[in-house]
Amino acid sequence: MTMKTPKASVVSPVDDADPSPPRGFSKAEKSEFRRVCVLRRNAGNPVRAIEADALADYVMSRARLAVWQKKLTWGLAVPPDSHNPNMFLSQQIAVAATVDRAAAACRRLARDLGLGRA
């Protein structure tokens, strides 16, 4: 069951409508964008139009984090290269550092948007 977001009308002003997700987002990213809008609205603190860019950054950051986490998981499953065993370790460290930075960025953006105790 999907919840419909309120639309601007004569009864409800434009300020009550949730911002729409950017056109370039994938279906999953648009769904996440709308999910956060619904959570904020239900908490009594709807997403304002001025926060739409920050919310878009948060959703993109979460998507990048998921990609890097998959790369790290895949990298741990692949055996090291027999010609250069240190290369695997250095790549693993680089990907792990990127995952940590992406997670920190997600937490910072979530905190800026007032999403829980991120």
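Of the 118 residues in the protein, 30% count as buried. The model is a predicted one, and its secondary structure is simple to list: three helices and zero strands. Read from the N terminus, the elements go α-α-α. Helix α1 covers 27–42, helix α2 takes in residues 52–77, and helix α3 spans residues 85–113. As for how the chain meets itself, 53% of the contacts with a separation of 6 or more are between residues 24 or more positions apart.

The nonpolar interior comes next. As a rule, nonpolar side chains in soluble globular proteins tend to be buried together. Here, the largest nonpolar core has 13 residues, and the members touching the most others are F33, L55, Y58, V59 and L115. Helices α1, α2 and α3 are the elements that each put two or more residues into this core, with α2 giving the most, at four residues. L55 makes a handy example of the packing: leaving out residues up to four places away in sequence, L55 touches F33, V36, C37, V47 and L113. There is also a second, separate core, made up of seven residues, with L72, V95, A102 and C106 among them.

F33 turns up again when the aromatic rings are considered. A search of the whole structure comes back with one aromatic pair. That pair is F25 with F33, in an edge-to-face arrangement, with 6.3 Å centre to centre and 70 degrees between the planes. The pair counts as edge-to-face because its 70 degrees lies over the cut-off of 60. F25 and F33 are both buried.

Turning to charge, side chains of opposite charge can pair when their charged atoms come close. The model has five salt bridges. One of them joins the side chains of D18 and R41, with N to O at 2.8 Å. This pair ties together distant parts of the chain, 23 residues apart: D18 sits in the segment before α1, while R41 belongs to helix α1 itself. The two partners fall into separate accessibility classes: D18 is buried at 12% relative accessibility, and R41 is partly exposed at 22%.

Another salt bridge runs between the side chains of E32 and R62, at 3.9 Å from N to O. Again the pair spans distant parts of the chain, linking E32 in helix α1 to R62 in helix α2 across 30 residues. E32 is buried, at 16% relative accessibility, whereas R62, with a relative accessible area of 36%, is partly exposed. With a relative accessible area of 13%, E51 counts as buried.

E29, in helix α1, is buried yet has no salt bridge, and the nearest side chain of opposite charge, that of R64, is 7.6 Å away. A salt bridge would need a nitrogen and a carboxyl oxygen within 4 Å, so R64, at 7.6 Å, is out of range. Setting aside neighbours within four places in sequence, E29 is in contact with V59 and A63. V59 is also one of the residues named above for touching the most other members of the largest core.

V67 is found in helix α2, where its 44% relative accessibility makes V67 partly exposed. V67 and V99 are 32 residues apart along the chain, and their C-alpha atoms are separated by 9.1 Å. T98, for its part, has its place in helix α3 and is buried, at 17% relative accessibility. A polar atom of the T98 side chain lies 2.9 Å from the backbone oxygen of A94.

Technical notes. Residues are numbered from 1 along each chain as its sequence is written. This is a predicted model: local features need pLDDT of at least 70, side-chain atom pairs count only at pLDDT 80 or more; totals for chains, interfaces and linings use all residues. Side-chain values use heavy atoms; hydrogens and water are left out. Buried means under 20% relative accessible area, exposed over 50%, partly exposed in between (1.4 Å probe, protein chains only). A polar contact is a pair of N or O atoms within 3.5 Å; within protein, one must be able to donate a hydrogen and the other to accept it, and residues adjacent in sequence count only if both atoms are side-chain atoms. Lys and Arg count as positive and Asp and Glu as negative; His and the chain ends are not counted. Contact means heavy atoms within 4.5 Å. A nonpolar core is a set of buried Ala, Val, Leu, Ile, Met, Phe, Trp, Tyr and Cys residues joined through side-chain atoms within 4.5 Å. Rings of Phe, Tyr and Trp (its six-membered ring) pair if their centres lie within 6.5 Å; planes under 30 degrees apart count as stacked, over 60 as edge-to-face and the rest as tilted.
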